[in-house]
Amino acid sequence: MDMEKVNSMGFREFVDVFGNIIEKCPLVAAAVWSQRPFSDLQDLENHFFAFIDALPRSGQEGILRCHPDLAGRDLQQGTLTAESQREQSQAGLTSLDADDRLRLQQLNARYRERFGFPFVLAARLSDRDAVPRELARRLHCQPESELRTALGEVKKIGHLRLADLLGADPARVEPPRSWRSERQ
Ligand SMILES: NC(=O)N[C@H]1NC(=O)NC1=O
């Protein structure tokens, strides 16, 4: 799919195609559509992320709360979105044994209790051993910085999903700004 095609999309088609760039938050795509035309993939991505950055804290927490737990109930019940299913599967989270699954569920519950939103991590950039390690580490972070970290992960997920849809090599697309500073 190229940018000419993206820019020619009507509202419904755009939301159908990009509605899950931000997990279960088609409102973001609906708002981004108004900003067309987009000059390139980077420009399109910037609009998604600018919308998230401009939300009040309640809206940002709402976005996090729309994410299913990693290796959680939706995975067990087969009710994940196609994108999330693929990401969790790539990280090896669909084939955890009962002990590892239970440990992750207990860590997820502690995290949610501490911060009031679920633990979010770009599963495709992680793996089944790193996920619980990172969860245990982030459990000790301060709420303000943890909110920023979690939103950075939402952007990484969106970045990879957009690159998939537009047939771009994710490594060739500029990473989100908030993610870049973390990696330096
Ligand atoms: N909780 C959480 O991070 N979920 C998300 N992560 C990811 O890579 N896909 C998701 O659905």
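Analyst: Happy to; we can start with the overall fold and then look at single residues.

User: Great. What should I know about the model first?

Analyst: This is a predicted model, where local features need pLDDT of at least 70, side-chain atom pairs count only at pLDDT 80 or more, and totals for chains, interfaces and linings use all residues. Residues are numbered from 1 along each chain as its sequence is written, and side-chain values use heavy atoms, with hydrogens and water left out.

User: How many helices and strands are there?

Analyst: The protein has 11 helices and zero strands. Here helices (H or I, at least four residues) and strands (E, at least two) are DSSP runs, numbered from the N terminus.

User: Which domain does UniProt list?

Analyst: An unreviewed UniProt entry gives "domain: Oxo-4-hydroxy-4-carboxy-5-ureidoimidazoline decarboxylase" for residues 7–163. UniProt positions are in the numbering used here, feature names are shortened, and annotations may be inferred rather than shown by experiment. Residues 7–163 are 66% helix and 0% strand, with the end C-alpha atoms 16 Å apart.

User: What about the radius of gyration?

Analyst: The protein has 16 Å, which agrees with the value near 16 Å for a compact globule of 184 residues. That radius is taken over C-alpha atoms, and the globule rule is 2.2 Å times the number of residues to the power 0.38. Along the principal axes, the C-alpha atoms fill a box of roughly 50 × 30 × 30 Å.

User: And how much of the protein is buried?

Analyst: Buried residues are 47% of the 184. Buried means under 20% relative accessible area, exposed over 50%, and partly exposed in between (1.4 Å probe, protein chains only).

User: What share of the contacts joins residues at least 24 apart?

Analyst: Among contacts between residues at least 6 apart in sequence, 67% join residues at least 24 apart. A contact means heavy atoms within 4.5 Å.

User: OK, new topic. Where is the cis peptide bond?

Analyst: The cis bond joins Arg36 and Pro37, with omega about 5°. Pro37 sits in the loop between α3 (26–33) and α4 (41–54).

User: Which residues other than glycine have a positive phi?

Analyst: Lys24 is one of them, with phi near 55°. Ala71 also has a positive phi near 55°.

User: Last one: why does Glu87 count as buried?

Analyst: Glu87 counts as buried because its relative accessibility is 7%. Glu87 is in helix α7 (residues 82–90). Not counting residues up to four places away in sequence, Glu87 touches Ala123, Arg124, Ile157 and Arg161.
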